[in-house]
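Please have the sequence and the structure open while reading.

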Amino acid sequence: MILSCQNIDKAFGTDVIVSGASFHIEDREKAAIVGINGAGKTTLLRIIAGELEPDRGVVSIAKGKTLGYLRQHQDVNSTASIYSELLEVKRDLLDMENSLREMERQMKHLSEAQMERYNRISTEFENRNGYAVRSQVTGVLKGLGFTEDEFDKQICTLSGGQKTRVALGKLLLTEPDILLLDEPTNHLDLNSIAWLETYLQNYEKAVLIVAHDRYFLNRVVTKIVELDNGHVMSFDGNYSAYAQKKAQMREIQWKAYLNQQQELRHQEAVIAKLKSFNREKSIKRAESREKMLDKMEVLEKPTEVKADMHLRFSPREISGNDVLQVRHLAKSYPNNPLFSDLNFDLRRGEKVAVIGDNGTGKTTILKIINELEDADAGQISLGSRVQIGYYDQEHQLLHMEKTLFEEISDVYPDMTETEIRNLLASFLFTGDDVYKRINELSGGERGRLSLARLMLSNANFLILDEPTNHLDITSKEILEEALRNYTGTVLYVSHDRYFINQTATRILELKNQTLINYIGNYDYYLEKVQERTGSASLTPVKEQRPLSASKENWARSKEEQAQKRRQQNELRRTEERIAKLEERDREIDALLAREEVFTDVKRCVELTAEKASVAEELKDLYGKWEELSELSDN
């Protein structure tokens, strides 16, 4: 056990945030803290990190173990470049490297003691993978979405999201024994999130994450720590396993509650009947039953997590079959061409997700369709009776100076005060909350208000820009259910792969300034991308109408068989390369044992460097072999 929390209590004034929280993390374990917004997840992380003192309880970290913490927001104003900031994390290895180079320049004049020191430092440098420091820094930066032409940018010139990515990169390179990550996937695009997943899966130390990205949690964690109403409960498995166990527990709780309620009603009826007999013996029996009922521990009614928020999109009228036609759409900014010659159609009832790297122009497409921005070229045609409802991720359509009540009443003046209050209550704004200024709301609260406005629009074509940003998992699930039941058409941009999986019938990937069409959800998109891995770059395909179920199943079966063959071939090539490198590693060891070699300093240095390079490549190949072997077994 590397981390233990025992009976942690924390309150701010009269608000109890955490009460009697106890859980532990094992060495190398990957765990996540989940709960609704405001449940206290970040507070608990800050207590573990030592930034907040608990009111009661103890946080214990195994002796000699280090802890690293990624906060949600970073305030870094360094004038250093991105690359040098991350490289500085490895300062001790850089100093060792400088010492080695200096000794090598003076190699002919080194004493026996200095040679021993050189060999000792060289061995430590090699064991700590010092030869790979710069490639490791470059790999982390690229993995987190930085391009090489951004490496020289000063930290102080970066956006908040970029600073958070820099902080994450520094933390990963530090390699603490316990990694605390608060919303690490914020500000990352899909490729960077996938890279981080792989990195954490292979991270050989403990990780504790706060995240609302369910796809990410499914792929990374093996334990869920739930924080609910201040109380903590641990579940083994990933997020899906946790959700299934919670549903089972809830069903058991409901059955127990309903059975007890039925028993209570039965006993009360029996007592009333006995008393109605008006006989001494019957009355005594009734009193005995009443005492039994008084001693019974009455179960509380289980709370319905999703009952408080009500979201239902209902089109006012049905649109025509052809909802949207986009032809030859182009847009660029000075020194930044986004896309050109985009062509796609939307038909009634489709739920289409637009995905792609940050900065490729996904949001711009939505804005152009919604006439919030002009295109450089191209035509956009809406079908008959199409009514658009728009949700923007920055909530710029909200009037920040207004109260929540005014925001609704000004747009929908025919609604009564009671109707407005009931609507806002269904989005968790009750009492005096309705008189809050919108500029005082959190990101999640603004998101819920935007959804309330959108629901009132009765639109039959919803355009959504990152609708799950700032929403907790419960709110995301409510939105997913509402979109699945929606009879209109949806076009949205999202980085939330779980959300895409649950709602999309088609995916458009914006890549290399054009769109690539995939008929299916995110898992199907991944299959297609993996199928093409290693082949020529993806090329746009013409849009097709959905295949029939039987044809689609046959097509997927053929794709899976082809993918299996490619995996087996790749596994064979990997095994051959491993064997070759292992043989070379043994040859180097044999050479280093020869007197004519280990007394030749220059030859010794060359072989040592080659051995380190071989070891680095073997490490990557072993990991690749494990993944391919697991896929081959499935």
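A cavity is a set of grid points where a 1.4 Å probe fits but cannot get out, and its lining residues have an atom within 4 Å of a point. The model discussed here is predicted.

**Cavity**
- A search of the whole structure finds one cavity of 30 Å³ or more.
- The volume of the largest cavity is about 30 Å³.
- Its lining consists of Asn37, Gly444, Arg448, His470, Leu471, Asp472 and Ser475.
- Sorted by class, the lining of this largest cavity holds four polar, two charged and one nonpolar residues.

**Nonpolar cores**
- The largest nonpolar core has 51 residues, and those with the most contacts inside it are Leu168, Leu179, Leu181, Leu200, Ile209, Phe216 and Leu217.
- Helix 6, which spans residues 160-174, supplies the largest share of this core, with six residues.
- Apart from this core lies another one of 47 residues, including Ile355, Phe429, Ile478 and Tyr492.
- Leaving aside neighbours within four places in sequence, Leu181 is in contact with Leu45, Leu70, Leu168, Leu171, Leu200, Val207, Leu208, Ile209 and Val210.

**Asp585**
- Asp585 belongs to helix 18, which covers residues 549-592.
- The side chains of Asp585 and Lys611 make a polar contact at 3.0 Å.
- Not counting residues up to four places away in sequence, Asp585 touches Lys611 and Val614.

Definitions and conventions
Residues numbered from 1 in each chain as written. Predicted model: local features only at pLDDT ≥ 70, side-chain atom pairs only at ≥ 80, totals over all residues. Heavy atoms only, no water. Core = buried A, V, L, I, M, F, W, Y, C linked by side-chain atoms within 4.5 Å. Buried < 20%, exposed > 50% of the residue type's maximum accessible area, 1.4 Å probe, protein only. Helix = DSSP H or I, 4+ residues; strand = E, 2+ residues; numbered from the N terminus. Contact = heavy atoms within 4.5 Å. Polar contact = N/O pair within 3.5 Å; in protein donor to acceptor, adjacent residues only side chain to side chain. 1 Å grid on protein atoms, 1.4 Å probe; cavity = no way out; pocket = protein on both sides within 12 Å on 5 of 7 lines; lining within 4 Å. Points joined across faces, edges and corners; volume = space filled by probe spheres on them. Nonpolar A, V, L, I, M, F, W, Y, C, P; charged D, E, K, R; others polar.
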